[in-house]
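This briefing is meant to be read beside the sequence and the 3D structure.

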Amino acid sequence: MEDNSRKDIRALLKTFGVRADEAIVGHLARNPDVSKLRLKVCLHDLTDYGDHAPDTTLSLEVDGDINR
């Protein structure tokens with residue numbers, strides 16, 4: 001894999017991580033009575049492959065709890 005691809009991947013994940021952190025912290029602040037959030041993070045490929053769709057799709061889901 002090319003270095004440019006790795007840099008793009010890391011930049012995308014870093015942006016997602018920062019924005020997700022801000023969203024979760026804000027959500028917790030607006031919902032002070034919640035003792036635990038149950039969250040799922042999903043990754044889905046939105047690429048238009050035209051007539052050359054891959055045999056398998058890129059999809060990843062991770063779920064977990066955020067405790068106060």
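The points below describe a predicted model. The protein chain holds one helix and two strands, in the order α-β-β from the N terminus. With a radius of gyration of 16 Å, well over the 11 Å that the globule rule gives for 68 residues, the chain is more spread out than a compact globule.

**Overall form**

- The C-alpha trace of the protein chain spans about 50 × 25 × 15 Å along its principal axes.
- Helix α1 covers residues 3–30, while strand β1 covers 36–44 and strand β2 covers 59–67.
- Of the 68 residues in the protein chain, 6% count as buried.
- The accessible surface of the protein chain comes to about 6,300 Å², and 53% of this area belongs to carbon and sulfur atoms.
- Taking the contacts between residues at least 6 apart in sequence, 50% join residues at least 24 apart.

**Nonpolar surface patch**

- Strands β1 and β2 each supply at least two residues of the patch.

- The structure holds four salt bridges.
- Lys36 pairs with Asp65, and their closest N and O atoms are 3.8 Å apart. This pair links distant parts of the chain, with Lys36 in strand β1 and Asp65 in strand β2, 29 residues apart.
- Arg38 forms a salt bridge with Asp63 at 3.2 Å, N to O. Asp63 lies in strand β2 and Arg38 in strand β1, so this bridge ties together parts that are 25 residues apart in sequence.
- Arg38 also meets Asp65 in a salt bridge, with an N to O distance of 3.0 Å. Here too distant parts of the chain are linked, Arg38 in strand β1 and Asp65 in strand β2 being 27 residues apart.

**Exposure of the network residues**

- Which class of exposure does Arg38 fall into? Arg38 is exposed, because its relative accessible area of 58% is over the 50% cut-off.
- Lys36 counts as partly exposed, at 45% relative accessibility.
- Asp63 is partly exposed, with a relative accessible area of 46%.
- Asp65, the partner of Lys36 and of Arg38, is partly exposed with a relative accessible area of 35%.

How values were computed: Residues are numbered from 1 along each chain as its sequence is written. This is a predicted model: local features need pLDDT of at least 70, side-chain atom pairs count only at pLDDT 80 or more; totals for chains, interfaces and linings use all residues. Side-chain values use heavy atoms; hydrogens and water are left out. Helices (H or I, at least four residues) and strands (E, at least two) are DSSP runs, numbered from the N terminus. The radius of gyration is taken over C-alpha atoms; the globule rule is 2.2 Å times the number of residues to the power 0.38. Buried means under 20% relative accessible area, exposed over 50%, partly exposed in between (1.4 Å probe, protein chains only). Contact means heavy atoms within 4.5 Å. Accessible areas come from the Shrake-Rupley method with a 1.4 Å probe; for residues, only the protein chains shown count as cover. A salt bridge is a side-chain nitrogen of Lys or Arg within 4 Å of a carboxyl oxygen of Asp or Glu.
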